[in-house]
There are 2 protein chains.
Amino acid sequence: MQVEIITVGYEILQGKIVDSNSAHIARSLLDIGLEVGRIVSIGDGETEIQGAVRTAMRRSEIVIMTGGLGPTRDDITKHAVAKLFKMPLVRDSVVLERMRKRYAQYGYQVMSENGIHQADVPKGATALPNPSGTAPGLMFLRRGRYLFMMPGVPLEMKDILRESIIPILQQQVCTSVVAVHTLRTSGIGETSLAETLDPVVRRWKSISLAYLPSLKGVDLRLTWRGRSRKQADRRLQAAADTLYQHVGEWIYGAGDEKLQEAVARLLQETGSTIAVAESCTGGQIASMLTDVAGSSAYFDRGVVSYSNKAKQQLLQVPAALIRREGAVSEAVAAAMAEGIRQRAGVDIGISVTGILGPTGGTPEKPVGLVYGGYADANEILVWRREFGSHRLRNKVRVCHKALKHLHEQLSKKL
Amino acid sequence: MQVEIITVGYEILQGKIVDSNSAHIARSLLDIGLEVGRIVSIGDGETEIQGAVRTAMRRSEIVIMTGGLGPTRDDITKHAVAKLFKMPLVRDSVVLERMRKRYAQYGYQVMSENGIHQADVPKGATALPNPSGTAPGLMFLRRGRYLFMMPGVPLEMKDILRESIIPILQQQVCTSVVAVHTLRTSGIGETSLAETLDPVVRRWKSISLAYLPSLKGVDLRLTWRGRSRKQADRRLQAAADTLYQHVGEWIYGAGDEKLQEAVARLLQETGSTIAVAESCTGGQIASMLTDVAGSSAYFDRGVVSYSNKAKQQLLQVPAALIRREGAVSEAVAAAMAEGIRQRAGVDIGISVTGILGPTGGTPEKPVGLVYGGYADANEILVWRREFGSHRLRNKVRVCHKALKHLHEQLSKKL
């Protein structure tokens, strides 16, 4: 089964945006056993679009297009393809009604002429609902070949793909099963993981392991291909167990679970309440913890104590301690964690203080130096780590380091 | 002049990596007036590579390939193309010597057989130095058409592009200039912008306008094409001025400037210090403000007052007020902003309180309802807006709404 992706839009050809849509589509298709053979990016011109669609549909059974389906003048994908297939455009009353509601929700009484045109569907094509935007996706089925069209806005593309296109392909096209199981690690590098796991994996036959590194950690993706979903689940579970045996201390979750979600789960399971005191991460740790719906049950407060005055006022860190040890120090990290814990009256306080860069370091305290604290009723712990000099990358890494440390402490309470 | 990019590698087709190389190449070429007409991603197969190169060189005067030039077994781009062009591989002594030095630098005494093959150059092609890796880039010139090849590792690709390919193209090929200017808006939708601007833009001849929407706002990108960089700048400036006249109240910056950077600039220009009190955004606003290097000069603190107790303790919001009006109310938003301003002793306090969802709403206070406050020495302002029901999307939108409101107030102080 040949699959091809076409992305439409000069923004991509001009390098104004990076085409992350294609990677998302490719991954989603791979999960249901469909492999993409080619990705083509073209501009917004009518002949370009028609040429690319014609070639792709000769070559591939499934063609997925994104881009050029919005309300503005330069969004012409639909018209170009309708013309190519000689399908007249017909106003779809269901789509129109759905759009009217959405516009009303945005506070518009009247839809513009451009807006209304989004409800025009090529005769014979099927409109696919767009849960997060106005322009619907479209499906064309011609001589047993599928052409899907989605807006290029990532949110809308993802929703239409997940809710319409994947289910349609699963029902109508897929025969073999590709099963994927992902374990998520944090705090250990790709090279170290590979040194431990490669000798193990080499003995496996039907399962492959990929290392997917990011600033947040390294995902371990296990892939199995065959005919039975049941067999897939059994084999993948066995493989995952093996990975746990070897690198379990670094694994915090599976699938799409984020570190903050794994932490949230442990906070609930241990019945702990928490508060956060941050300096260099600027509120990002609190923000991650409260990304999880229902976090108000255990998250009491966060304090971003950027100034030393704030550290004294809000966290009762003694001024003398800051003077003696410096704001970025083991002692201040400990005092911040214990300070917020006591002030907030919660079970656990965590803290972070450091120099994220790109400037502000000294020979003794270089850019990238970070201390983190953890305090509960029984103990106060401090970790120290040196990160790089890239401010925003450091920030992501520090937040994950702090939450991974918290995750380890909570795991011990279970 | 037709330009085409070919990226080689199953990692892209499987969605394991996002192809950010193409965007970088496209931007770099655009800067010297060359527009990419097509980007094609294919797998590591010999026939696939040969087919893609053949088609591309028929269609385009300049073809730029990345991927499949490293030392590992599956890196076959060079061999496939040498075979296609019937060029024997010849060991290049200059490349070999350069590689030997680099391997020694890495601490290897002996190069592996695979490593040495990287010094083999198709006869008639030119090796392009790789300042940050071992495999050189390659240039083929056939019947006046250029084919460039680079490794897929972003760092190496960028170096070879900048140091070899761009200078070669500038000397041998370039004649025209394409100039781009982007204005960034927040708080207004693509459709509303288009309704206002489309009639204006329709009269323009040499300049085109594209709308690039995201959760954070809509970018307005102006593109001009011609012969002189000077003329480009003048025309684009005039066009930007026109956009300001029509939708200026929504524009916060230009180019790559983020909203928090535009706000940071205004805080510095007005000499204002600031503190933030957040509930539903969980620290994200403080985090955005402190993403900007040097923010400790004006950012004093943030408080994430998730619990009502925290609102009382840290922001001095009266318990009676919360009881009477509810935590999500105009009065509490105002009290939070003024409370943090006074406690922190700063010039400006801003606040946000709301129900981000997906649950927790009531008929009077639905999911998505958010109030924001702004307080300085002279006034306290409150905004109110209803967002959707998607927690994380709401969060991004609310943060941008709050910072846009702050930007407007700061602009008045200039």
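Q: What are the axes and angles used for packed helices in this predicted model?
A: Axes are lines fitted to C-alpha atoms, for helices over the stretch in contact, and angles run from 0 to 180 degrees between N-to-C directions. The model described here is predicted.

Q: Why are α10(B) and α15(B) called roughly parallel?
A: Helix α10 (residues 259–269) of chain B packs on helix α15 (residues 391–413) of chain B at an angle of about 30°, and their axes lie 10 Å apart. Angles under 35 degrees count as roughly parallel. The two helices, α10(B) and α15(B), are therefore roughly parallel to each other. Their crossing is left-handed.

Q: Which residues make the contact of α10(B) with α15(B)?
A: From α10(B) come B:L259, B:Q260, B:A262, B:V263, B:L266 and B:L267, while α15(B) supplies B:H400, B:L403, B:K404, B:L406, B:H407, B:L410 and B:S411. By class, eight are nonpolar, four polar and one charged.

Q: What makes β16(B) and β17(B) a strand pair?
A: Two strands pair if DSSP finds at least two bridges between them. Seven bridges join strand β16 (residues 369–375) of chain B to strand β17 (residues 380–386) of chain B, so the two strands count as paired. They run antiparallel, with B:V370 opposite B:R385 in β17(B). Four residues lie between β16(B) and β17(B) in this hairpin.

Q: Which strands of chain A and chain B pair in the antiparallel sense over four bridges?
A: Strand β2 (residues 36–42) of chain A pairs in this way with strand β2 (residues 36–42) of chain B. A:S41 stands opposite B:I39 in β2(B).

Terms used. Residues numbered from 1 in each chain as written. Chains lettered and ligands numbered in written order. Predicted model: local features only at pLDDT ≥ 70, side-chain atom pairs only at ≥ 80, totals over all residues. Parallel < 35°, antiparallel > 145°, perpendicular 65-115°, else oblique. Left-handed = near helix turned anticlockwise from the far one by under 90°. Contact = placed C-beta atoms within 7 Å. Nonpolar A, V, L, I, M, F, W, Y, C, P; charged D, E, K, R; others polar.
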